[in-house]
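Please read this report alongside the sequence and the coordinates.

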Amino acid sequence: MTSQATRILSRASAKRPASTTSASPAKKQRWVYAFGDLPLVIRRVGSWDAVKGLLGGKGANLAEMTRLSLPVPPGFVLTTEACNAFLKNGSQFPDGMWEEALRSLKHLEKKTGLRLGDPQRPLLVSCRSGAKFSMPGMMDTVLDIGLDDAVADGLVRSTGDERFVFDAYRRLVQMYGSVVLGIPSERFEALL
Amino acid sequence: MRSGVASDSDLPAGELRGLVLSFKDEVFRVTKKPFPEAAIDQLRGAVMAVFSSWNGKRAIDYRNASGIPHDLGTAVNIVKMVYGNLGDRSGTGVATTRNVTDGEDEPEGDFLMRAQGEDVVSGTRRTRPIAELREEMPRIHAQLVRHMKRLEKHCRDVQDVEFTIENGELWMLQTRDAKRTARAAVRIAVDLADARRITRQEAVARVTPEHIETFLHPQLEAKSKRAAIDKGLLLAKGLNVSPGAAIGRIAFDADTAERMSKAGADPVVLVRAETRPDDVHGMLASAGTVTTRGGRTSHAALVARQFGKPAVVGCQDLVIDAEHKRMQTASGRVLCEGDWLSLDGSTGEVFAGKLATFVPDVQDPYLTKLLSWADAIRRLEVWANADYGRDAQRAREFGAQGIGLCRTEHMFFETDRLPVVQSLILAKTEGERREALDKLLPMQRADFAKLFEVMNGLPVTIRLLDPPLHEFLPDRDTLAAEVTDLRARLRLHDGDPKQVQATLRDKEAMLQSVDALREQNPMLGRRGVRLGIHMPELVRMQVRAIVEAACEAVRKKQRVSPKVMIPLTAISTELEMERAVLEDEARLVMEELGIRVKVQFGTMIEVPRAALVADRIARHAEFFSFGTNDLTQTTFGISRDDAETGFLVEYLQKGILKTNPFATLDVSGVGSLMRICVERGRATREGLHIGICGEHGGDPKSIAFCHEIGLDYVSCSPFRVPVARLAAAHAAMGGKVDQR
């Protein structure tokens with residue numbers, strides 16, 4: 001078993017320098033990948049197991065479906081390596097990480113023809129965790145990110161569905177409140 | 001569930017507007033900061049929160065409980081929202097590419113129109129079966145089925161997908177290998193291999209020994225489970241630490257559990273915050289155990305697995321009020337002592353009420369097929385331990401290729417035989433002894449004849465009498481009390497003096513014999529081969545019975561392959577002497593009957609010395625069989641009974657031992673002796689046939705080790721044979737097992 005493990009390790013370490021030389025200009029750490037970047041990720045980390053390790057199970061599967069040309073809503077992944085670097089950095093983004101995420105957001109906006117916070121053509125996104133192994137109900141989710149009063153009114157005009165828009169909006173405030181700000185969900189439910 | 005409250009309510013738009021305002025006010029009240037209006041700040045905050053949640057208490061607890069490393073980290077997915085609640089041509093659902101309960105090749109799932117993902121999962125609204133989507137939106141249904149087929153083919157396994165339809169457009173939001181029942185796992189693996197999507201080897205690798213084990217335990221019926229979930233009877237989900245279903249009335253402490261189980265006709269389920277060593281009697285008296293605290297290595301988990309009792313531990317949603325003999329669930333439901341509870345130790349679910357169970361069919365055609373593929377892969381033969389014809393019959397049905405251990409003492413304990421065995425032990429004269437042996441001979445012969453008949457030429461290994469003789473006699477303390485009592489009655493003229501006198505004489509004689517046979521450490525005393533050396537007539541009789549039965553079989557044109565196994569050898573000379581006597585008896589019988597049968601003589605390896613001098617022992621043995629239960633006891637110098645009811649759990653909890661060495665072979669200690677034994681034994685006798693017949697023979701990890709050191713067969717209880725066949729195949733594949 002040990003000999004097998006070392007063989008795998010040596011193969012991986014033999015591969016790594018080769019891949020960094022091929023992508024020599026981007027020598028620095030990369031934190032963010034779009035779903036469409038899967039071939040690049042595979043080239044970088046080698047095995048499918050390592051892809052799942054880097055993108056998480058959910059991200060890896062969404063990227064895989066994208067590669068199969070199935071209809072997957074576009075998006076991007078901040079990697080598990082980014083998570084570890086963030087936690088190591090005192091739960092703050094290390095230099096360049098957030099900027100890299102913003103560049104991916106720009107690509108997403110271009111691809112969809114929508115913009116985050118734009119009342120005319122607003123982009124709304126979900127933000128979900130996705131570890132290598134599924135941890136049901138243990139990690140957190142925020143949906144409907146991108147809504148504010150102006151966007152809500154814009155959306156009401158374009159969809160003609162006020163109920164839908166404000167249901168999404170109150171979900172956002174509730175989820176953001178509980179997941180990001182740590183306000184117990186029951187406090188919102190009491191208001192329902 | 002939380003958001004389900006409102007998504008489901010038909011609040012008018014105006015009220016929702018108001019709700020947004022009051023939610024924002026609440027945010028301000030608590031955080032003293034306004035809700036972030038800038039979308040980019042919302043995104044930034046959410047990403048930071050998800051990253052940070054990796055080190056949240058819930059996440060850490062979950063990882064500790066399920067053994068996930070803490071340094072993996074979580075990724076964050078930022079995805080464009082699509083809405084299943086945007087108008088009449090929108091909807092959302094979940095589906096699996098096949099039925100994950102029974103494995104049938106038919107997509108299965110639920111959906112809702114005008115809804116969001118949580119509405120389907122939370123059960124706040126009644127979902128519709130996926131087949132109805134065909135009528136609702138035929139084009140979308142066709143697309144979905146096509147995508148699912150594609151994904152299953154690409155991922156080479158059954159997928160569990162989430163999808164949303166936004167304004168008549170289908171979006172795939174998730175795919176992953178689907179969770180499935182054991183039954184479905186087997187059928188899916190077989191079907192995929194038959195369709196050439198995966199190889200047979202992969203199919204075998206995808207089924208785990210645990211899957212096969214569930215075919216042997218009662219399970220909660222899927223339909224009954226679904227109905228219970230719909231009725232809100234699912235009380236909690238904990239860790240699935242010991243498989244099988246248990247149904248019983250609730251008891252909140254071990255003594256009550258024991259009392260209820262003794263008193264009533266109904267089974268009991270023990271519910272505790274956690275268990276401790278003084279709760280074990282209650283766990284044993286119960287059909288199953290539920291705890292609210294603790295993980296996979298908690299006391300309750302270890303004990304339950306050790307005794308094969310279903311258990312669910314760490315049900316944090318249950319709060320026990322032991323004082324008032326009741327418990328409360330997260331939703332506020334209260335259950336009291338005596339209420340019915342059903343638990344599924346394979347999934348970790350705990351239900352209120354009495355659910356229906358079934359015992360899966362171990363003769364399931366898919367399982368039979370899969371195991372036949374496993375048979376083609378494995379090198380180890382799988383034999384069974386069987387004392388009676390009916391055990392042997394079952395063993396063969398389960399695929400055993402021989403009997404590795406027939407314990408003859410069990411035949412001696414039968415009620416009509418025990419008095420004969422006792423008179424043999426108590427015999428004062430050669431004549432008395434002869435008489436008892438003559439009575440036992442035909443009984444034993446019939447036992448063996450039955451085994452030979454059932455096994456039809458497959459090897460039958462019969463172990464000569466092993467336990468110390470006192471085990472066949474009444475308990476000494478009881479006898480002594482009876483003698484005292486009878487003497488008093490005689491003095492007090494209580495009862496017919498002649499009769500009392502006669503009984504007293506018998507009892508006194510018995511007591512005398514018991515005292516004479518008494519040993520300080522009977523398990524290390526005159527037992528095994530030592531018994532045969534001491535009382536050669538007894539083992540001669542057993543060999544006579546074996547050979548007579550074998551000759552009779554040959555006369556009836558049956559094929560036979562008898563193997564005589566001598567227990568507890570430690571010294572090559574004792575084996576040499578014993579074998580000479582036994583071979584002499586066998587020759588005599590064959591000469592008398594004028595029939596020749598090939599009979600092999602071998603020994604068990606149960607003490608370290610035997611393993612170390614295996615080169616010399618092999619001169620007198622045609623086969624070896626490891627008795628790893630005794631070998632573990634004698635190597636560690638601990639007695640199993642005392643360890644398992646005493647200090648073993650403490651050792652496991654303190655991490656002194658990683659696993660129970662009586663359940664999984666201690667590779668470094670006992671395993672070293674086995675390695676040495678195999679090597680030295682085969683140095684003397686090339687190709688010496690070697691097997692194992694302890695309980696370890698049915699344990700997958702131990703089987704892998706037996707494969708590694710080159711044993712020829714493992715022998716286990718008939719029920720474990722299917723598990724062993726699979727485990728032996730996995731061992732041959734180098735442990736490449738696919739956990740799904």
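What follows is a description of a predicted model, from domains to strand pairing.

## Domains of chain A

Chain A is split into domain 1 (30–113) and domain 2 (115–192). Their C-alpha centres are 21 Å apart. Eleven residues of domain 1 of chain A and ten residues of domain 2 of chain A make up the contact. On the domain 1 side, α3 (48–67) and α5 (97–112) of chain A each give at least two residues. α3(A) gives the most to that side, with six residues. By class, the domain 1 side has one nonpolar, seven polar and three charged residues.

## Domains of chain B

The domain assignment of chain B lists five entries, shown below with their residue ranges.

| Domain of chain B | Residues |
|---|---|
| domain 1 | 4–66 |
| domain 2 | 91–180 |
| domain 3 | 219–358 |
| domain 4 | 378–468 + 523–732 |
| domain 5 | 477–518 |

Domain 4 of chain B comes in two segments, 378–468 and 523–732. Domain 5 of chain B, at 477–518, falls between them in the numbering.

Take domain 3 and domain 4 of chain B. Their centres, taken over C-alpha atoms, are separated by 39 Å. Seven residues of domain 3 of chain B touch seven residues of domain 4 of chain B. Which helix gives the most to the domain 3 side of this contact? Helix α14 (residues 299–306) of chain B does, with four residues. The domain 3 side holds four nonpolar and three polar residues, and no charged ones.

## The contact between chains

Chain B brings 64 residues to the contact, and chain A brings 76 residues. On the chain B side, the elements that give two or more residues are α1 (4–8), α2 (13–31), α3 (39–53), α4 (57–66), β1 (74–80), α7 (138–155) and β6 (169–177) of chain B. α3(B) gives the most to this side, with 14 residues. By class, the chain B side divides into 35 nonpolar, 18 polar and eleven charged residues.

Strand pairing also links the chains. Strand β5 (residues 125–131) of chain A pairs with β1(B) in the antiparallel sense, over seven bridges. Within this pairing, Ser129(A) has Val76(B) as its bridge partner.

## The antiparallel sheet of chain B

Five strands of chain B form an open sheet, in the order β4-β3-β2-β5-β6, with antiparallel pairing. Which strands stand at the edges? They are β4 (128–129) and β6 of chain B. Each has a single partner strand, so one side of each has no neighbour in the sheet. β6(B) is also among the elements that give two or more residues to the side that touches chain A.

Phe111(B) stands opposite Arg128(B) in β4(B).

α7(B) lies across β2 (91–96), β5 (159–166) and β6 of chain B. Its direction is at about 150 degrees to β5(B). α7(B) is likewise listed on the side that touches chain A.

## The mixed sheet of chain B

A further open sheet of chain B has eight strands, in the order β8-β18-β17-β10-β11-β12-β13-β9, and its pairing is mixed. Its edge strands are β8 (234–237) and β9 (239–242) of chain B, and each pairs on one side only. On average, neighbouring strands of this sheet are turned by 30 degrees against each other, direction ignored.

Inside the sheet, strand β11 (residues 268–272) of chain B pairs with strand β12 (residues 288–291) of chain B. This pairing is parallel and spans four bridges. Val269(B) has Gly288(B) in β12(B) as its bridge partner.

## A helix pair in chain B

Two packed helices are described by the angle between their axes and the distance between the axes. Helix α31 (residues 700–708) and helix α32 (residues 721–732) of chain B pack at about 50 degrees, with their axes 9 Å apart. Are they oblique or roughly parallel to each other? α31(B) and α32(B) are oblique to each other, because angles under 35 degrees count as roughly parallel. Their crossing is right-handed.

From α31(B), the contact uses Pro700(B), Ile703(B), Ala704(B) and His707(B). From α32(B), the partners are Val723(B), Ala724(B), Ala727(B), Ala728(B), Ala731(B) and Ala732(B). By class, this contact has nine nonpolar residues, one polar and no charged.

Conventions: Residues are numbered from 1 along each chain as its sequence is written. Chains are lettered from A and ligands numbered from 1 in the order in which they are written. This is a predicted model: local features need pLDDT of at least 70, side-chain atom pairs count only at pLDDT 80 or more; totals for chains, interfaces and linings use all residues. Domain bounds come from an automatic or database domain assignment. Two residues are in contact if their C-beta atoms, placed from the backbone, lie within 7 Å. Ala, Val, Leu, Ile, Met, Phe, Trp, Tyr, Cys and Pro count as nonpolar, Asp, Glu, Lys and Arg as charged, and the others, Gly among them, as polar. Axes are lines fitted to C-alpha atoms, for helices over the stretch in contact, and angles run from 0 to 180 degrees between N-to-C directions. Angles under 35 degrees count as roughly parallel, over 145 as roughly antiparallel, 65 to 115 as roughly perpendicular and the rest as oblique. A crossing is left-handed if the near helix is turned anticlockwise from the far one by less than a right angle, and right-handed if clockwise. Two strands pair if DSSP finds at least two bridges between them.
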